[in-house]
Amino acid sequence: MSHIEGVNVVKLRKIPDERGTIYHMLRSSDAHFTKFGEIYFSKIYKGAIKGWHIHQRVSLNYCVVDGMVKLVLFDTRDDSPTKGNLMELFIGDDNYCLVQIPVGVANGHKGITETALLANAPDIPHDKGGENEMLKIDPYENDIPYTWDRVDS
C-alpha cells in the first residue's frame with residue numbers, strides 16, 4: 001500500500017506497571033498536535049465495517065486503545081500529489097499508534113478482534129446539523145479500488 005500526503009502515523013507509548021497500564025494518545029505539547037475539538041469512542045465488532053467517510057472540514061486523530069482494526073485510507077483530494085493512493089494499516093494492541101487523517105481523505109475501518117475500541121480526537125467538534133461536513137459512501141458499492149475481504153497469503 002502507498003503513502004498518502006498529510007497522513008501521519010505516530011507510534012505511541014504504553015506504560016505498564018503492576019497496577020495497570022497508561023495509554024498515551026495526544027498531548028497539546030506534541031509536535032503533531034493541531035487543535036482539539038472533542039474526543040469520542042467507537043466500539044467495533046469483529047468483521048463490522050464502518051466507512052467509507054470523507055470529512056470536508058474535520059481532521060481526525062484515530063487511536064485504537066483495545067483490540068485491533070484494519071484502517072483503510074483513500075486519497076480523494078484533487079489537489080493532492082497522492083490522489084488515488086490507498087493506505088492499509090492494522091492498528092491497536094499489536095501496533096499502538098495515532099493516525100492523523102487530513103480533510104478529504106476517505107477512511108473506513110473493519111474490526112479484526114472480537115471487539116475493538118477506537119478513540120477519535122477530531123480537531124473540531126462534530127456538528128449534528130452539519131450533515132454536509134461528512135460524506136458517507138457505501139463500503140462495497142463505490143469507486144474506491146478496495147475490497148474488504150480478508151487476504152490470506
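A residue counts as buried when its relative accessible area is under 20%. By that cut-off, 43% of the 153 residues of the protein chain in this predicted model are buried. The accessible surface of the chain comes to about 8,900 Å², and carbon and sulfur atoms hold 50% of that area.

The chain is built from strands: there are 12 of them and 0 helices. Its radius of gyration is 15 Å, close to the 15 Å that the globule rule gives for 153 residues, so the chain is as compact as a globular protein of that length. Of the contacts with a separation of 6 or more, 83% are between residues 24 or more positions apart.

In soluble globular proteins, nonpolar side chains tend to be buried together. Here the largest nonpolar core has 20 residues, and L71, L73, L89, I91, V99 and I101 have the most contacts inside it. At least two residues of this core come from each of β6 (60–66), β7 (68–75), β8 (86–92), β9 (97–101) and β11 (115–120). Another core, of 9 residues, lies apart from it and includes W52, I54, V72 and L86.

Neighbours within four places in sequence aside, L71 is in contact with Y62, M87, E88, L89, I91, V99, I101, G108 and H109.

Technical notes:
Residues are numbered from 1 along each chain as its sequence is written. This is a predicted model: local features need pLDDT of at least 70, side-chain atom pairs count only at pLDDT 80 or more; totals for chains, interfaces and linings use all residues. Side-chain values use heavy atoms; hydrogens and water are left out. Helices (H or I, at least four residues) and strands (E, at least two) are DSSP runs, numbered from the N terminus. The radius of gyration is taken over C-alpha atoms; the globule rule is 2.2 Å times the number of residues to the power 0.38. Buried means under 20% relative accessible area, exposed over 50%, partly exposed in between (1.4 Å probe, protein chains only). Contact means heavy atoms within 4.5 Å. Accessible areas come from the Shrake-Rupley method with a 1.4 Å probe; for residues, only the protein chains shown count as cover. A nonpolar core is a set of buried Ala, Val, Leu, Ile, Met, Phe, Trp, Tyr and Cys residues joined through side-chain atoms within 4.5 Å.
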